Every structure is written in structure tokens, then in C-alpha cells.
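Colleague: I am new to this structure. Please show me how to read it, one feature at a time.

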Amino acid sequence: MSEDHTRVQEFFGARAADWDRKFPGDTPAFATAVAEFGLRPGDRVLDAGCGTGRALTPLRAAVGTSGTVIGADLTPQMLAAAQRAGRGAQAALLLADVTRLPLRDGALDAVFAAGLVAHLPDPDANLRELARVVRPGGRLALFHPIGRAALAARQGRELTPQDLRAEHNLGPLLARSGWEMTSYADEDARFLALAVRQS
Ligand SMILES: C[S@@+](CC[C@H](N)C(=O)[O-])C[C@H]1O[C@@H](n2cnc3c(N)ncnc32)[C@H](O)[C@@H]1O
């Protein structure tokens with residue numbers, strides 16, 4: 001287990017039990033983001049860094065009973081909270097590192113990742129790993145139920161031009177990692193960047 005992973009598990013493990021109570025108003029933003037993602041019935045989708053599984057119900061609704069939904073997270077307490085919330089009925093919950101996924105090349109149609117990117121130790125390589133498991137033409141959503149400026153204010157930090165999710169950084173980062181960014185929205189109440197897997 002790397003130092004980065006231990007840090008992630010300690011940080012989110014301590015917050016898992018209260019995660020959903022802390023952000024009770026986020027549910028509609030998840031539903032809207034998944035609706036914009038354009039999944040189809042039968043699609044195979046991974047929620048990368050699923051946490052307590054807040055996206056799993058809308059993802060299941062989008063792909064239907066013929067689709068596949070996998071929620072993967074590194075923090076056991078997050079997955080335990082997802083199970084307690086009944087979200088294990090919507091998806092296969094996987095204790096896994098999304099930087100080294102136990103999935104074959106092109107196994108998925110889409111990856112949805114909420115609040116994940118800032119925690120990736122090597123964004124270029126890690127986004128490339130997400131591209132590996134998605135078929136050419138498949139899709140990626142990088143989402144946060146709060147915009148960059150509001151999140152920085154909440155965390156008491158300044159938003160700098162180096163911010164990974166700034167449009168001028170994220171587009172090139174995605175292009176280097178096998179994705180083409182197709183839309184970008186950074187508003188007070190949400191952040192949503194969509195990308196398509198390049199062939
Ligand atoms: C900010 S939380 C977001 C959780 C959930 N997606 C949500 O929006 O409520 C980030 C999550 O990513 C997980 N995570 C961070 N690095 C990861 C990795 N390399 N592999 C799998 N999960 C990871 C953490 O354990 C945590 O649950």
C-alpha cells in the first residue's frame with residue numbers, strides 16, 4: 001500500500017460515517033450530472049471513487065436492469081456506508097484502487113468520477129488507466145457537486161492558475177491521457193467536465 005493510498009484511506013475512513021449527512025443537498029446535482037452524461041440502457045459504467053455511492057442510484061436508473069454499474073473505492077469504510085445506505089442493490093461494490101483497475105481493456109462504456117481527480121497521485125497516468133478500461137468512443141464525467149471557486153472557499157484555500165481542474169489545465173491533461181474534453185462547466189453549484197475516449 002503506497003503512502004498516498006494510506007493517506008486517502010485515513011482521510012476518508014474518518015469521514016465515511018457522516019459523509020451523506022454532511023452534504024444532504026447534493027442529490028439533485030448528482031441526478032442532473034448523470035442525466036447530462038448521456039448513458040444508454042445496457043451501458044457498463046464505473047463510478048470511480050464512488051465513496052458512499054451517491055451516484056449509484058441515478059447511474060442504475062440511466063443504464064437500466066440490462067446495464068452494469070460498478071462502484072469502486074479504496075476506502076473500506078466508504079463502501080461499508082454505501083452498503084448500509086442500501087446502494088449495494090444498485091451496483092457491484094468493489095474495494096479497488098482506480099489507478100490499477102482489475103478490469104480488462106475496453107470493458108466499459110463510461111466512467112463517472114465525482115470528487116476524485118484532486119486525490120489522484122499521478123493524474124496523467126491515472127486518467128490513462130481510466131481510459132484503458134473504456135472502449136474507444138466511450139465517455140468520462142469528472143463531476144463535483146460544487147464549483148471550483150466555492151470549493152476553494154469552503155476549504156479555505158486560494159484558487160490558483162495551477163489548479164488541475166481549471167479548463168486550461170484539464171483539457172490538455174485529458175488529451176495527454178487518451179481523452180478529448182467535449183464540455184466544461186464550472187458554476188457555483190457544480191463542476192462537470194465531459195470527455196470522450198480517443199481511439
Ligand atoms: C471526495 S470523495 C468522493 C466520494 C463520492 N464520489 C462522492 O462524490 O460522494 C473521494 C473518494 O475517492 C476515493 N479514492 C481516492 N483515491 C482513490 C483511488 N486511487 N482508488 C479508489 N478510490 C479512491 C476516496 O476513498 C473517497 O471515497
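This is a predicted model: local features need pLDDT of at least 70, side-chain atom pairs count only at pLDDT 80 or more; totals for chains, interfaces and linings use all residues.

Modeller: Start with pairing. Two strands pair if DSSP finds at least two bridges between them. Helices (H or I, at least four residues) and strands (E, at least two) are DSSP runs, numbered from the N terminus. Here, strand E1 (residues 44-48) and E4 run parallel, joined by three bridges.

Colleague: Which strand pairs with E4 over six bridges?

Modeller: Strand E5 (residues 134-144), in the parallel sense. Ala-114 stands opposite Phe-143 in E5. Ala-110 has Arg-139 of E5 as its bridge partner. E1 has a further link: five bridges join it to E2, again parallel. There, Ala-48 faces Ala-72 of E2.

Colleague: How do side chains sit along a strand?

Modeller: In a regular strand they alternate between the two faces of the sheet.

Colleague: How do I read "buried"?

Modeller: Count C-beta atoms, placed from the backbone. A residue is buried if 20 or more others lie within 10 Å of its own, exposed if 12 or fewer, and partly exposed in between. In E4, seven of seven residues are buried. In E5, eight of eleven are. E1 is largely enclosed by the rest of the structure, because four of its five residues are buried.

Colleague: Why does Asn-169 count as partly exposed?

Modeller: Because Asn-169 has 14 C-beta neighbours inside 10 Å. Its place is in helix H8 (residues 167-176). For contacts, the rule is C-beta atoms, placed from the backbone, within 7 Å. Leaving aside neighbours within four places in sequence, Asn-169 touches Asp-163 and Leu-164. The C-alpha atoms of Asn-169 and Thr-68 are separated by 32 Å.

Colleague: Where does Phe-23 lie?

Modeller: In the loop between helix H2 (19-22) and helix H3 (27-37). Phe-23 has 15 C-beta neighbours inside 10 Å, so it counts as partly exposed.

Colleague: What makes a nonpolar core?

Modeller: A set of buried Ala, Val, Leu, Ile, Met, Phe, Trp, Tyr and Cys residues, joined through C-beta atoms within 7 Å. The largest one here has 56 residues. Val-111, Phe-112, Ala-113 and Ala-141 touch the most other members. Strand E4 (residues 108-114) gives the most to this core, with six residues. Setting aside neighbours within four places in sequence, Val-111 contacts Leu-46, Ala-48, Leu-130, Val-134 and Leu-140.

Colleague: What does UniProt list for residues 46-141?

Modeller: An unreviewed entry gives "domain: Methyltransferase type" there. Such annotations may be inferred rather than shown by experiment. The span is 28% helix and 29% strand, and its end C-alpha atoms lie 10 Å apart.

Key:
Residues are numbered from 1 along each chain as its sequence is written. Two residues are in contact if their C-beta atoms, placed from the backbone, lie within 7 Å.
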